[in-house]
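Colleague: I have the coordinates open and would like to go through them with you. Could we begin with the strand pairing?

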Amino acid sequence: MPNITGVSAVDELSGPERHGPPQGNRASTGRLGDRIFSGTARGAGILVIAIVTLVGVFLLSQAIPALAKDKVNFLTSTQWNVDATPLQFGIANLLWVTVLSSALAMVVAVPLGIGVALFITQYAPRWLRGPAASLVDLLAAVPSIVYGLWGLQVLGTHMDGIQGFLIKIFGRLPLFQDAGVAAASTILTVAVVLAIMVLPIVTALSREVFAQTPTTNMEAALALGATRWEMIRTAVLPFGKPGVISASMLGLGRALGETVAVTVILSALAGSAPWSWSMFNGGETFASKIANNAAEFDSPQKAGAFMAAGLVLFGLTFIVNAVARAVINRRKAFVE
Amino acid sequence: MKIQSRRRIANVTGVALVGTLALAGCGSNNNTTATSSGSSSTSASSTGCATGTLSGEGSTAQKNAIDQAITDYQTTCPGATVNYNGTGSGAGVKQFTAGQVAFGGSDSALKSVPVAGATVTEQAAADKACGSPAWDIPMVTGPIAVVYNVKGVSKLILTPAVSAKIFNGVITTWNDPAIAAINPGVTLPATAIKVFFRSDSSGTTENFTKYLAAAAPTAWTAASGKTWTGKGEGKQASSGVSNAVKATDGGITYTEWSYAKDDQLAMAQIDNGGGPVELTAPAVSQALSLAKQAGTGNNIILKLDYTTKAPGAYPILLVTYEIACSKGKDAAKAKLLQSFLKSFASSGEQAKLVTIGYAPLPANIQGQVNTAIAALS
């Protein structure tokens with residue numbers, strides 16, 4: 001009976017065995033195995049933090065001398081002139097292309113990923129669930145150079161129509177202006193390919209959280225007369241929200257940092273090209289800019305300029321993840 | 001519906017396969033030519049063989065040429081192993097200066113003025129690393145083709161001024177009067193001109209813009225350098241720009257000769273003022289023979305004459321150098337390097353490079369190169 005009133009079974013014990021459930025640090029019994037395990041776990045944690053910090057320190061130490069000599073505003077300038085003195089470089093173009101391509105990719109990938117995850121966990125017949133999940137996961141195993149070639153040579157040839165249609169309807173908005181770049185090589189095409197690349201990440205994690213929705217919640221919703229969709233909306237989606245957000249952020253990190261596929265597909269623009277907000281323009285992302293020029297870092301100053309760009313990408317990814325973490329923490333209360 | 005989607009999957013796999021094959025093709029391409037012609041080569045056997053392992057790194061522009069030379073040298077001298085890593089000229093100079101490799105490959109000679117942000121010149125840093133003067137030895141001549149894809153146009157002549165105006169976006173359609181004036185008898189369509197350039201920093205871009213800046217100083221006002229300063233769309237590497245032109249009606253770009261030949265792209269004839277010149281190996285060698293020696297003694301730095309009006313000389317080309325220590329720190333390695341370079345510069349080997357898209361060194365420069373190689377110790 002005491003069990004029901006919340007008194008734990010331990011209270012019933014008497015004598016030397018009487019101690020509460022292990023808690024926190026006191027959980028360690030001091031045995032060798034425990035000490036080795038807690039030591040390695042702590043070591044792994046410290047190692048990850050150390051690696052990230054050292055990457056940051058490396059980027060900073062390389063970037064600062066070049067940044068000090070930069071004669072234009074690093075964040076707002078669109079110039080990139082690192083061969084000559086005075087040194088002039090700014091990341092406005094890179095930042096816009098990186099953010100736009102990744103954001104568009106998320107607009108496509110997140111709803112699609114959630115849909116696929118819901119289908120696999122809620123709608124698909126049991127025999128289909130395993131194979132369907134494996135197939136989506138398989139997308140993650142395709143090398144990014146293959147995505148790049150596919151995007152340029154297959155997807156690209158079909159983008160003309162879509163792009164022309166969008167320009168015809170929304171052409172007056174700055175985001176949809178025709179920039180004269182071949183349809184196979186625009187930011188939009190890159191975004192679609194990036195969406196396919198992040199799809200397995202979003203799907204796999206969303207699937208896991210949706211599958212863990214308490215059966216009681218779902219049955220309760222159904223018992224109250226909810227349809228399948230209403231049950232998903234009231235029980236599955238709210239429960240899975242933090243998981244979906246963190247899955248999206250993980251995917252966004254991949255999209256922001258993707259290099260090879262972007263380098264192959266996206267048309268770079270010459271330095272003199274006018275600024276454009278359009279998603280039908282070309283350009284370079286942080287990662288593709290560095291990749292395009294990495295072979296010719298012949299002076300520390302030049303390398304420093306590219307490292308500074310890399311540092312911004314590092315910072316951008318960090319901010320995105322921090323925001324995601326904050327969102328998840330705020331939602332937690334609702335779930336539990 | 002099912003069949004259709006299955007076919008689509010087949011298409012996708014097909015492309016992926018083609019992509020992989022194309023990539024694999026890059027690596028195996030040279031080997032086949034090497035084996036077919038390697039056995040007939042006896043010119044290298046006159047070189048004294050040396051043994052050991054030698055490593056070099058740098059320019060990708062000469063990668064195919066040096067791979068061919070290495071295959072031939074190793075066939076003649078089974079005791080020797082030469083490795084070359086095509087990572088880019090900047091990386092080659094850096095690794096050479098750091099003492100990591102025995103020789104560096106570069107699209108440009110070691111600079112004797114400090115690059116932005118550095119305190120010592122490349123030449124001084126390399127001399128210090130060697131403990132003796134470091135020499136630039138020109139070895140591979142890479143012709144740069146101006147390729148275009150315009151429906152119905154199989155012959156096109158370009159002057160420096162018109163090229164410059166096309167590549168900086170002043171001339172925008174193919175039937176522009178300026179193009180028509182130098183191409184009498186050719187029917188030019190009203191197609192828009194699509195300029196493609198190398199988005200990665202490259203020696204090809206540097207030499208092409210140097211040509212435009214030298215031969216058309218009024219029309220080409222942008223700077224010359226490894227990064228493109230004109231107009232157009234950037235594509236990655238020679239394969240990227242070549243494929244883009246092949247797929248785009250109205251496209252034009254500059255690319256290495258071997259890519260122009262492999263992709264069967266139409267090449268423009270260049271008229272510097274001495275009549276239109278088609279891109280051929282002798283035409284390129286002739287233009288290179290007019291280059292001036294800007295270095296001292298055995299440090300051979302070639303100053304190309306981009307403005308040459310000599311009839312039959314094709315002026316757009318790049319030269320890659322092997323950078324080596326005049327006195328090697330390791331005697332055995334130095335001997336191997338000397339022996340390898342001697343075989344590389346030999347007439348037999350140079351002539352063989354024509355089949356893979358390079359031009360042979362002209363006799364006058366080959367003479368200087370041989371003298372420099374003989375003086376290595």
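This is a predicted model: local features need pLDDT of at least 70, side-chain atom pairs count only at pLDDT 80 or more; totals for chains, interfaces and linings use all residues.

Colleague: Which residue is the bridge partner of B:Asp136 in strand 13 of chain B?

Modeller: B:Asp136 is partnered by B:Ile323.

Colleague: How many bridges does strand 4 of chain B form with strand 8 of chain B?

Modeller: Six bridges link strand 4 to strand 8 (residues 251–256) of chain B, and the pairing is antiparallel. In strand 8, B:Gly251 is the bridge partner of B:Asn149. Strand 4 of chain B is also joined to strand 9 (residues 266–267) of chain B, by two bridges and again with the strands running antiparallel. There, B:Val147 has B:Met267 as its bridge partner.

Colleague: Let us turn to helix 5 of chain B. How many of its residues are buried?

Modeller: Seven of the eight residues of helix 5 (residues 160–167) are buried, which makes the helix mostly covered. The buried residues are B:Pro160, B:Val162, B:Ser163, B:Ala164, B:Lys165, B:Ile166 and B:Phe167.

Colleague: Which domains does the assignment give for chain B?

Modeller: The domain assignment gives domain 1 as 3–140 + 324–375 and domain 2 as 143–283. Eleven residues of domain 1 of chain B are in contact with nine residues of domain 2 of chain B. On the domain 1 side, the residues that touch domain 2 are five nonpolar, five polar and one charged.

Colleague: Now for chain A. How many helices and strands does it have?

Modeller: Chain A has ten helices and three strands. Along the sequence, the pattern is α-β-β-α-α-α-α-α-α-α-β-α-α. Of the 336 residues of chain A, 39% count as buried. Among contacts in chain A between residues at least 6 apart in sequence, 75% join residues at least 24 apart.

Colleague: How many residues are in contact between chain A and chain B?

Modeller: There are 31 residues of chain A in contact with 32 residues of chain B. On the side of chain A that touches chain B, at least two residues each come from helix 4 (144–170), helix 8 (260–265), strand 3 (268–269), helix 9 (286–293) and helix 10 (300–335) of chain A. Helix 4 of chain A gives the most, with five residues. By class, this side of chain A has 15 nonpolar, twelve polar and four charged residues.

Colleague: Which strand of chain B is joined to strand 3 of chain A?

Modeller: Strand 3 of chain A is joined by two bridges to strand 7 (residues 233–235) of chain B, and the two strands run antiparallel. Within this pairing, A:Ala268 stands opposite B:Gly234.

Definitions and conventions
Residues are numbered from 1 along each chain as its sequence is written. Chains are lettered from A and ligands numbered from 1 in the order in which they are written. Two residues are in contact if their C-beta atoms, placed from the backbone, lie within 7 Å. Helices (H or I, at least four residues) and strands (E, at least two) are DSSP runs, numbered from the N terminus. Ala, Val, Leu, Ile, Met, Phe, Trp, Tyr, Cys and Pro count as nonpolar, Asp, Glu, Lys and Arg as charged, and the others, Gly among them, as polar. Two strands pair if DSSP finds at least two bridges between them. A residue is buried if 20 or more other C-beta atoms lie within 10 Å of its own, exposed if 12 or fewer, and partly exposed in between; C-beta atoms are placed from the backbone. Domain bounds come from an automatic or database domain assignment.
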